Amino acid sequence: MGGEVLRFLRVRDWFYYLVLPVLSWEPDTSPPTRLLLGVGVAACSLGFAYGWNNLRDVRLDRSREKNPLVGGIGRSNRHVLLLWILPLLALGGGAWLGPIPVVAAGTQLAGSALYSGGPRIKRLPVLGTLTNLWIFCPLAFLCQGSLPWASGLWAFTCLFGIVLVQNQLLHESMDRDEDLGDGVRTTAALLGVRGTAVLSGVLGLLAGMVTIRVGVSVGMPLLFVGAALPVTVFSLFIVLRPGGDAPARRRRRQRVVGMATCGIAWALYTFLPRLAG
């Protein structure tokens, strides 16, 4: 039962995004329980997003590994009930955390619902790609208390958003043939292999520039150049070798280098000034 739920919600595809609420957590003024609740809200929100996507795409997806409802299992009342419970838990947890987190949770849930259902925004080029920002970036605000904003929150949300769009382009490139067969024309399908590679490379270089700019703001540009290297070098590789390896493998590698750049930059920004002080 537990394993079936995890597969339906595709937890292995999003568990690493549970670090996002830490961007708005202030350890000097907020207890660890606030961060844990923020992570719990993020888990419920992402579980809904991916489960809802599986439910809506059961007739389109061809791989049971990607969507466990494919291959005769189909939807059940248990799946539908779960997709009602998760948003309620997310909104309840967000309300407990405060007005900004509950708005963030509601915004994320709305983006998830519209992306896969309703007007099915995911089928629209450019807009469908950018809707991923709507789904994931609000999670960075789940631990935000009263104003002013947590230190570095906007800069790191921007950095994450750039890396996220780059990853989404690689995802669309990976599913290009399946999407075209189902009448879905994504940004990657519109741009083609070379165009997608160039845009992905530009986004990676932009992520590197944002990382270095954050370093300049705290007087440590050279250290942040090192943090920017993973995503920058990887992005140059994408441009130079647009068809150099399997799309799924390339996407997994991008996820690692993107999260490495964001994580290293955040750790430098958060802890080095305290150690220096």
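1. A search of the whole structure, which is a predicted model, finds one salt bridge. The partners are D13 and R10, whose side chains meet at 3.0 Å, taken from N to O.

2. Two cavities of 30 Å³ or more turn up when the whole structure is searched, and the largest cavity holds about 70 Å³ of space. Its lining is made up of Y17, F160, V163, L164, N167, Q254, R255, M259 and C262, and both α6 (153-174) and α10 (247-276) supply at least two residues of that lining. By class, the lining of the largest cavity divides into six nonpolar residues, two polar and one charged.

3. The second largest cavity, with about 30 Å³ of space, is lined by E4, V5, F8, R78, H79 and L82. The elements that give two or more residues to this lining are α1 (2-9) and α3 (77-97), and the lining of the second largest cavity comprises three nonpolar, one polar and two charged residues.

4. A further point concerns T131, which is placed in helix α5, spanning residues 127-136. T131 counts as buried because its relative accessibility is 3%, and its side chain reaches the backbone oxygen of L127 at 2.6 Å. Leaving aside residues up to four places away in sequence, T131 touches G111, Y115 and I121.

Note on methods. Residues numbered from 1 in each chain as written. Predicted model: local features only at pLDDT ≥ 70, side-chain atom pairs only at ≥ 80, totals over all residues. Heavy atoms only, no water. Helix = DSSP H or I, 4+ residues; strand = E, 2+ residues; numbered from the N terminus. Buried < 20%, exposed > 50% of the residue type's maximum accessible area, 1.4 Å probe, protein only. Polar contact = N/O pair within 3.5 Å; in protein donor to acceptor, adjacent residues only side chain to side chain. Contact = heavy atoms within 4.5 Å. Salt bridge = Lys/Arg side-chain N within 4 Å of Asp/Glu carboxyl O. 1 Å grid on protein atoms, 1.4 Å probe; cavity = no way out; pocket = protein on both sides within 12 Å on 5 of 7 lines; lining within 4 Å. Points joined across faces, edges and corners; volume = space filled by probe spheres on them. Nonpolar A, V, L, I, M, F, W, Y, C, P; charged D, E, K, R; others polar.
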